[in-house]
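Visitor: Could you take me through this structure? I would like to begin with the ligand and then turn to the aromatic residues.

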Amino acid sequence: MKNRKPIAWITGASRGIGRGIAIELAKHGYDIAGSARAFDAANYTSGLGEVQRRVEELGAVFLPLRGDVAQLADHERMLGEVLKKFGQLDLLVNNAGVAPEQRLDVLETTPTSFDHVLSINLRGTFFLTQRIAAQMIAQQRQHPESRAQIVFVTSVSAYMASPSRAEYCLSKAGLSMAAAIFAERLAEFGINVYEVRPGIIKTDMTALVESKYDRLIGEGLIPQGRWGLPEDVGKAVVALVRGAFAYSTGMVVEVSGGMNIRKL
Ligand SMILES: NC(=O)c1ccc[n+]([C@@H]2O[C@H](COP(=O)([O-])OP(=O)(O)OC[C@H]3O[C@@H](n4cnc5c(N)ncnc54)[C@H](OP(=O)(O)O)[C@@H]3O)[C@@H](O)[C@H]2O)c1
């Protein structure tokens with residue numbers, strides 16, 4: 001077990017924040033498994049193929065995984081692929097997530113959209129974590145010197161109310177509690193769990209509302225005065241998992257340019 005590279009599995013690694021986390025972890029000595037719903041092995045210019053090329057340029061190994069976080073049967077298959085390739089898993093980054101396809105006022109939220117968002121952001125991520133936790137506990141028992149970790153990517157929407165996307169806020173508030181619960185439960189096994197809360201990050205997810213956020217940022221919404229970038233989140237994840245916060249399981253780190261500061 002000594003001198004091997006640690007292995008991270010990042011869900012939703014094909015673009016945006018997950019891509020940023022994969023690149024930053026690769027820069028800091030991790031080999032990477034990255035999953036998304038789609039993977040075209042012939043495409044090295046976008047999606048998981050592009051991330052694979054970028055990560056390999058950094059000298060790390062990248063395993064692309066096709067799978068849907070909402071489909072529990074995919075979890076077992078993807079974990080099997082990770083273990084076949086690497087033999088163990090040291091870090092799970094629960095990053096995959098979706099926004100509602102349509103922003104609707106809370107008085108008009110549909111059950112279909114509610115179920116869709118919750119099935120990925122909360123239900124799927126919860127049960128993936130449960131499955132990976134069992135794997136990590138088994139690993140710790142076999143190799144007590146190893147230190148597996150889990151990071152949840154939630155959102156400032158875990159505590160900021162947006163009536164035009166209630167289902168998203170509810171999913172992230174629930175996921176924040178899932179992070180706390182797993183942190184508490186896994187502490188006895190030496191498995192640390194952290195929560196990273198991004199603010200407004202420039203990705204496909206925010207592209208549809210880019211002009212609205214440009215305006216709000218111009219009006220002072222973010223104390224640090226700019227959009228967040230995927231690499232801002234990636235750097236925070238790296239800082240958390242490198243060992244400096246070993247006695248801080250359950251810690252929440254906000255990556256939002258200061259949106260957490262209450263102002264008067
Ligand atoms: N952007 C922001 O401002 C912001 C702020 C706070 C929190 N976040 C959170 O950060 C995470 C990443 O967001 P992002 O902005 O990078 O979004 P994004 O650009 O839309 O990327 C989402 C990623 O998740 C994957 N994904 C979506 N549904 C999936 C599913 N059912 N199973 C597996 N993979 C799935 C996507 O790949 P496929 O579509 O190919 O599956 C993609 O790789 C999300 O949890 C989001 O809620 C984002």
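Guide: The following conversation treats the ligand surroundings and then the aromatic pairs of this predicted model.

Visitor: How many residues surround the ligand, and which are the closest?

Guide: The ligand is surrounded by 30 residues. The closest are Ser14, Arg15, Asp68, Tyr168 and Thr203.

Visitor: What is the make-up of that shell by class?

Guide: The shell holds 14 nonpolar residues, eleven polar ones and five charged ones.

Visitor: And which helices supply at least two residues of the shell?

Guide: These are helix H1 (16-27), helix H5 (166-186) and helix H6 (204-207). The largest share, three residues, is that of H6.

Visitor: What distance separates the polar side-chain atom of serine 14 from an oxygen atom of the ligand?

Guide: That distance is 2.6 Å. In lysine 172, an N or O atom of the side chain is 2.9 Å from a ligand oxygen atom. Glycine 12 takes part through its backbone, where an N or O atom lies 3.2 Å from an oxygen atom of the ligand.

Visitor: How much of the ligand does the protein bury?

Guide: The protein buries 95% of the 880 Å² that the ligand exposes when taken alone.

Visitor: Changing topic: how many aromatic pairs does a search of the whole structure find?

Guide: The search finds four aromatic pairs. In one of them, phenylalanine 126 and phenylalanine 127 have ring centres 4.9 Å apart and planes at 85°, so this pair is edge-to-face.

Visitor: Why edge-to-face?

Guide: The planes stand at 85°, and an angle over 60 degrees counts as edge-to-face.

Visitor: What about the rings of phenylalanine 152 and phenylalanine 182?

Guide: Their centres are 6.3 Å apart and their planes lie at 20°, so the pair is stacked. Phenylalanine 152 belongs to strand S5 (residues 149-153) and phenylalanine 182 to helix H5, so the pair links distant parts of the chain, 30 residues apart.

Visitor: Are phenylalanine 152 and phenylalanine 182 buried or exposed?

Guide: Phenylalanine 152 is buried, with a relative accessible area of 0%. Phenylalanine 182 is buried as well, with 9%.

Visitor: Which residues form one aromatic cluster?

Guide: The cluster is formed by Phe126, Phe127, Phe152 and Phe182. Helix H5, where phenylalanine 182 is located, also contributes at least two residues to the shell around the ligand.

Note on methods: Residues are numbered from 1 along each chain as its sequence is written. This is a predicted model: local features need pLDDT of at least 70, side-chain atom pairs count only at pLDDT 80 or more; totals for chains, interfaces and linings use all residues. Side-chain values use heavy atoms; hydrogens and water are left out. A residue is near a molecule or strand if one of its heavy atoms lies within 4 Å of it. A polar contact is a pair of N or O atoms within 3.5 Å; within protein, one must be able to donate a hydrogen and the other to accept it, and residues adjacent in sequence count only if both atoms are side-chain atoms. Accessible areas come from the Shrake-Rupley method with a 1.4 Å probe; for residues, only the protein chains shown count as cover. Helices (H or I, at least four residues) and strands (E, at least two) are DSSP runs, numbered from the N terminus. Ala, Val, Leu, Ile, Met, Phe, Trp, Tyr, Cys and Pro count as nonpolar, Asp, Glu, Lys and Arg as charged, and the others, Gly among them, as polar. Rings of Phe, Tyr and Trp (its six-membered ring) pair if their centres lie within 6.5 Å; planes under 30 degrees apart count as stacked, over 60 as edge-to-face and the rest as tilted. Buried means under 20% relative accessible area, exposed over 50%, partly exposed in between (1.4 Å probe, protein chains only).
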